[in-house]
Every structure is written in C-alpha cells, then in structure tokens.
Amino acid sequence: MPRPAHAPGRPPEDDLLRWAAFACLPAAAALLWHGAPFLTAAGVVCGLAAVTAASHLLIRRSPRLGAHPHARRVGAPPHARAHAPRNAGQTPAG
C-alpha cells in the first residue's frame, strides 16, 4: 500500500512550505559557491524567506477550493457548452 504524500492530519501545503523554506539555503550556497559576496547571498536568503512567509500567510488565509458544496467554476454550467455550436462560420476569417 503506498504511503500518503504528507502525514495524516497535517495539510499538504505544509510540506510545500517546508520545501520552499529549505530551498533558501541551497540558493545561498550556490551564490557563495559562484563567488557572490556574502551580503548578496544573505539578502537573497532574506528575500526568499520573506516570500515564503508571505506565501504561508496567504495560503493559510485563503479558503479551501471546492470546500463549499455548491462551488463551481466561473462561467456557464458544464452542460450549457456541451451542445453549443462550434464557430459555425462566425470567425473573423469567415
């Protein structure tokens, strides 16, 4: 039986945010390896950490997609487009 991608009881976005936070360190290491100044690498780490923190905040505050029982995509209902004529000669090229 395959393991779940994330631990039960913990939202899957936690794993994504953990990987994003972890990715800050290799980015700084790569910059230092290629000769960038330490302050540049530190600034990049701070910037990536800020973006990760902002993403974490936005993900936590956003509503879950599909959580509402009557949620549907914006636009016509699925059955309305299924029987609509396709381009019936109404294109600009004629």
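Mentor: Trp19 and Phe22 are separated by about one helical turn, as they lie three residues apart in helix H1 (residues 12–33). The model is predicted, with residues numbered from 1 along each chain as its sequence is written. Local features need pLDDT of at least 70, side-chain atom pairs count only at pLDDT 80 or more, totals for chains, interfaces and linings use all residues, and side-chain values use heavy atoms, without hydrogens and water.

Trainee: What kind of aromatic pair do Trp19 and Phe22 form?

Mentor: A search of the whole structure finds one aromatic pair (ring centres of Phe, Tyr or the six-membered ring of Trp within 6.5 Å; planes under 30 degrees apart are stacked, over 60 edge-to-face, the rest tilted). With 5.7 Å centre to centre and 85 degrees between the planes, Trp19 and Phe22 are edge-to-face.

Trainee: Is Trp19 buried or exposed?

Mentor: Relative accessible area decides this (buried under 20%, exposed over 50%, partly exposed in between; 1.4 Å probe, protein chains only). Phe22, at 45%, counts as partly exposed. Trp19, at 61%, counts as exposed.

Trainee: Which residues of H1 are buried?

Mentor: Helix H2 (38–61) is included in what covers the buried residues of H1. Those buried residues are Glu13, Asp14, Asp15, Leu17, Cys24 and Ala28.

Trainee: How many helices does the chain have?

Mentor: Helices (H or I, at least four residues) and strands (E, at least two) are DSSP runs, numbered from the N terminus. Along the sequence the pattern reads α-α-α. The chain has zero strands, and its helices come to three.

Note on methods:
Contact means heavy atoms within 4.5 Å.
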